[in-house]
Amino acid sequence: MTLLAGDAGGTKTRLALYDPSGGRFELRRMAVFESRAYPTLDAIVRDFLSGGAPRPSIAAACIGVPGPVVGGVVRATNLPWVLEAGVLAEALGLPQIALVNDHVATAAALPLLGPDDLITLHPGLPEREREVFGVVAPGTGLGQAYLARGVDGRYRPFPSEGGHAEFAPRDEIEFDLLTYLQARLRKRVSVERVLSGPGIMNIYHFLRERRGLDEPAELRDEIATAATPAAVVTGHGLAGRHPICVETLELFARLLGSHAGDAVLTYLCTGGLFLGGGIPAKVAAKLQEGGTVAAYLDKGRLSPVVAMTPLCVIRAERAALLGAAAIAASL
């Protein structure tokens with residue numbers, strides 16, 4: 001049996017064929033495409049399938065897409081695509097296809113990831129029953145999802161919009177950050193406003209404008225011309241260059257740990273809390289320094305519950321593909 005798995009992002013779309021024989025998902029073939037180079041998702045899939053000779057017989061397919069999926073329909077975030085599962089399956093000649101949120105696909109992969117796919121920040125108690133897993137994924141936005149074991153023993157992933165919950169400050173500098181963002185945005189402040197690529201820049205501007213940290217001219221020019229300004233800030237922060245970049249990354253790491261601990265309490269993640277998205281793996285060295293875990297564990301009377309829960313960074317780039325394959329196998 002062959003399964004088609006996809007991870008469609010605003011920049012790149014990854015497609016893969018998996019063989020689930022023997023309960024394992026063996027990768028047969030994978031390719032990466034520039035999303036905006038194609039008018040539609042089915043055009044990318046056709047291109048991918050035509051690359052094999054002969055075209056494989058596909059039993060089922062699942063594609064993770066950025067955006068909420070309602071009734072099998074999704075308007076992709078940052079892409080001019082409106083996708084409908086039934087229409088897509090018919091156009092591609094596939095027996096069945098599932099469209100899921102991309103973070104749901106990542107959540108579905110969690111029980112299948114091994115030690116080499118993860119960076120453990122806090123080990124927790126690995127011997128606990130792995131009933132619920134959570135994903136917090138800062139990238140362009142702040143995605144979340146969770147995975148729960150049903151009474152039939154099978155895992156089922158669920159979407160979440162927890163990234164749009166209120167930003168909850170814990171100390172003086174975080175309260176100052178909140179009031180700064182309230183004045184700047186003139187609207188409520190969600191946690192996504194600080195835990196994302198744009199959120200990193202919000203923290204940076206706060207430290208410059210409200211806390212008076214110096215922004216050297218060469219740094220200002222580099223940020224102004226960068227395709228991804230947050231990558232410039234985190235890169236300097238990791239290298240210990242420019243106090244404003246170091247402090248931005250420090251505050252981001254603490255805020256991420258605190259929100260991860262809140263997610264553990266929200267979902268009761270006995271199987272662990274996993275940091276995905278585009279940012280955590282890139283700044284893992286900072287997350288390993290201790291500030292992230294200290295904030296993660298600082299949950300008052302419920303700190304022992306969080307302390308039992310592993311906190312890991314997903315380093316496997318193909319986690320969403322693997323999860324999509326697992327979902328396809330369940331169709």
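Is R186 buried or exposed, and what is its relative accessible area?

Author: This is a predicted model, in which local features need pLDDT of at least 70 and side-chain atom pairs count only at pLDDT 80 or more, while totals for chains, interfaces and linings use all residues. Residues are numbered from 1 along each chain as its sequence is written, and side-chain values use heavy atoms, with hydrogens and water left out. R186 is exposed, because its relative accessible area is 76%, where exposed means over 50%, buried under 20% and partly exposed in between, with a 1.4 Å probe and protein chains only. R186 sits in the loop between α4 (172-185) and α5, helices being DSSP runs of H or I with at least four residues and strands runs of E with at least two, numbered from the N terminus. Its backbone has a positive phi, near 55°, in a residue other than glycine. Most residues other than glycine have a negative phi. A positive phi, near 50°, is also found at L268, which is placed in the loop between α8 (243-267) and β12 (272-275) and is exposed, with a relative accessible area of 52%.

By way of contrast, D42 belongs to helix α1 (residues 41-49) and counts as buried, because its relative accessible area is 17%. The D42 side chain makes a polar contact with the side chain of T40, at 3.0 Å; such a contact is a pair of N or O atoms within 3.5 Å, and within protein one must be able to donate a hydrogen and the other to accept it, while residues adjacent in sequence count only if both atoms are side-chain atoms.
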